[in-house]
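Labels on a structure rest on cut-offs. Let us ask where some of them come from.

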Amino acid sequence: MAEREGECGTGHGTGTRPGSAHAPIILGKNPEGAAPVPAGQQAPELSREEKLQLRKEKKQQKKKKRNEKGPSAEPAELGAPPEPGQPRAAVQPTPPPASADGPGDGEKPTGGKSKAELRAERRAKQEAERAQKQARKAELSQAATTAKPRQSPTEPQSMVKRLPEHVQVDDPAAQRKLAKKLERQQVPLRQDYGTKVNLFSHLHQYSRKKPLTQQMSIPSTVIHPAVVRLGLQYSQGIINGSNARCIALLEVFKQLIRDYSTPPNEELSRDLVAKLKPHISFLNQCRPLSASMGNAIKFLKKEISCLPDTLREEEAKEKLQDMIDKYLREKIVLAAEAISRSAFEKINDHDVILVYGCSSLVNRTLCDAHAKKGRAFRVIVVDSRPRLEGRETLRRLVRKGIHCTYVMINAISYVLPEVSKVLLGAHALLANGSVMSRVGTSQIALVSKAYNVPVLVCCETYKFCERVQTDSFVSNELDDPDDLIVLRKGQAQLGGWAENKSLRLLNLVYDVTPPDLVDLVITDLGMIPCTSVPVVLRVKNVDQ
């Protein structure tokens, strides 16, 4: 019983059982600054307040160690704070136990730095490297965003990928790129002629004084002779008009396909498209391609790429020629017949119809209405310099027995009061509803709107273009400026204009008519307003 009481007396957390192997040294406050109690002796019992204070000190020291950052200082000495009214008592620190692995955290190795300092240096170095990586990633992502802005899934992607080559003449980088491309294709680069108006310096300007064969060397091994002949006719203005140029292009491509033979270890669907590229580049150097020609080239490339591999070469070539004939028949011939029938409904007896320039579609419509339907009407042919294409229209209509009047474009305000309707052709219909046609068309449409005369445009759907254009400056074509020089009594008033630095001549080919100046568009699909052009383009893309 006494033994149990002795055990209980020593069991308040300050002593050990009798007979235990080790008796630890008790750290704490010694009254009156007494020395620590050696091992093996009975330790004096601490008061309850002293125990609580000791536990509190230990908790604060642990918390302080967790909150320390960077190089840590030497461990703080354990000791109880002095009670009020008493001086602070000195506390004997416990020496750290020796470790077999080396010096402790508080000890300094032979290098002069503690382990805590080394860990802090490593941590700082890692943080710096991580910050550099994050900064580098941020710079790369910002550069990628600036170069190509990302679009959300709901945002429609832009249809415009790049500017055409023929509208970047004033860009040296674009011209160097074009020269390298033509050099790879072994196609010569045609040089511009004369000084240009600054507003149109981004467009090509060529001269017809010298034949194309004298301006550049044409490689006969790369360019087919039929393509060379067609390019010369384009450059000299022998073949004019969107329909005539497109028909001539497809006929030459038929001959090119007939003379083509697939090289060994090559596929026709791939090699033929590659063979067409230098020919297209050469024709583009002779004269910029029209919208109708561009659509025909897209159609041909698509048909070539869709050829099955199981077809033999002769069968594939015959199929391509049949597809070209079908395109010509459906998109041009049959489309012209459908437009002629629809336009006939708008032509009445005793009408006075105003036409401008020379449009093969408008001429056919008028001739069919007069010869096949027996309509009696009168035509006013408006013409303009320097091409004077209206004279050809006048010859064709008079040959069919149609009563005609011929005036220049500066006299339209005098003849419009007697005009019942205006019938115009088109080079292309743009996606925003604008009409691209011979220069002067927008002026006629504007004056006709002022006189409340309806303006009707005849255009096949294969001329519909996905390009959007609101002016005549960005994308256009410059003709030979020497055509503006008029000889009077054997003398040219503008002779030697190229040597005069203060004089520049501008000979535009096309202009753009806004859709609000056009009342109706007669197509092979029917009569539609200009605002329905995007719908037709969407339907055509779905069908293809």
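The questions below take up aromatic pairs, salt bridges and a charged patch.

This is a predicted model, where local features need pLDDT of at least 70, side-chain atom pairs count only at pLDDT 80 or more, and totals for chains, interfaces and linings use all residues. Residues are numbered from 1 along each chain as its sequence is written, and side-chain values use heavy atoms, with hydrogens and water left out.

Q: Why is the pair of Phe200 and Phe473 called tilted?
A: Rings of Phe, Tyr and Trp (its six-membered ring) pair if their centres lie within 6.5 Å; planes under 30 degrees apart are stacked, over 60 edge-to-face, and the rest tilted. The centres of Phe200 and Phe473 are 5.6 Å apart and their planes stand at 40 degrees, so this pair is tilted.

Q: What makes the pair of Phe200 and Phe473 a tie between parts of the sequence?
A: Phe200 lies in the loop between helix 4 (172-185) and helix 5 (212-215), and Phe473 in the loop between strand 7 (455-458) and strand 8 (487-488). The pair therefore ties together parts that are 273 residues apart in sequence. Helices (H or I, at least four residues) and strands (E, at least two) are DSSP runs, numbered from the N terminus.

Q: Is Phe200 buried or exposed, and how do you know?
A: Buried means under 20% relative accessible area, exposed over 50%, and partly exposed in between (1.4 Å probe, protein chains only). Phe200 has 4%, so Phe200 is buried. Phe473 has 40%, so Phe473 counts as partly exposed.

Q: Why is the pair of Tyr327 and Tyr462 called edge-to-face?
A: Their ring centres are 6.3 Å apart and their planes stand at 90 degrees, so the pair is edge-to-face. Tyr327 lies in helix 10 (residues 313-344) and Tyr462 in the loop between strand 7 and strand 8, so the pair ties together parts that are 135 residues apart in sequence. Both tyrosines, Tyr327 and Tyr462, are buried. Together with Phe299, Tyr327 and Tyr462 form one aromatic cluster.

Q: How do you know that Arg364 and Asp368 form a salt bridge?
A: A salt bridge is a side-chain nitrogen of Lys or Arg within 4 Å of a carboxyl oxygen of Asp or Glu. For Arg364 and Asp368, the closest N and O atoms are 3.5 Å apart. Both residues lie in helix 11 (residues 360-371), four residues apart, about one turn of the helix.

Q: What makes Asp368 buried?
A: Asp368 has a relative accessible area of 15%, so Asp368 is buried. Arg364 has 28%, so Arg364 is partly exposed.

Q: What do Arg387 and Asp479 form, and how do you know?
A: They form a salt bridge, with the closest N and O atoms 2.5 Å apart. Arg387 lies in the loop between strand 2 (377-383) and helix 12 (390-399), and Asp479 in the loop between strand 7 and strand 8, so the pair ties together parts that are 92 residues apart in sequence. At 7%, Asp479 is buried.

Q: Which residues form a positive surface patch?
A: Arg55, Lys58, Lys59, Lys62, Lys63 and Arg66 form it. Patches are made of residues with over 30% relative accessible area and no salt bridge, with like charges joined within 9 Å and nonpolar side chains (Val, Leu, Ile, Met, Phe, Trp, Tyr) within 5 Å. Lys58, in helix 2 (residues 48-67), has 42%, so Lys58 is partly exposed.

Conventions
Accessible areas come from the Shrake-Rupley method with a 1.4 Å probe; for residues, only the protein chains shown count as cover. Lys and Arg count as positive and Asp and Glu as negative; His and the chain ends are not counted. The place of a charge is taken as NZ of Lys, CZ of Arg, CG of Asp or CD of Glu.
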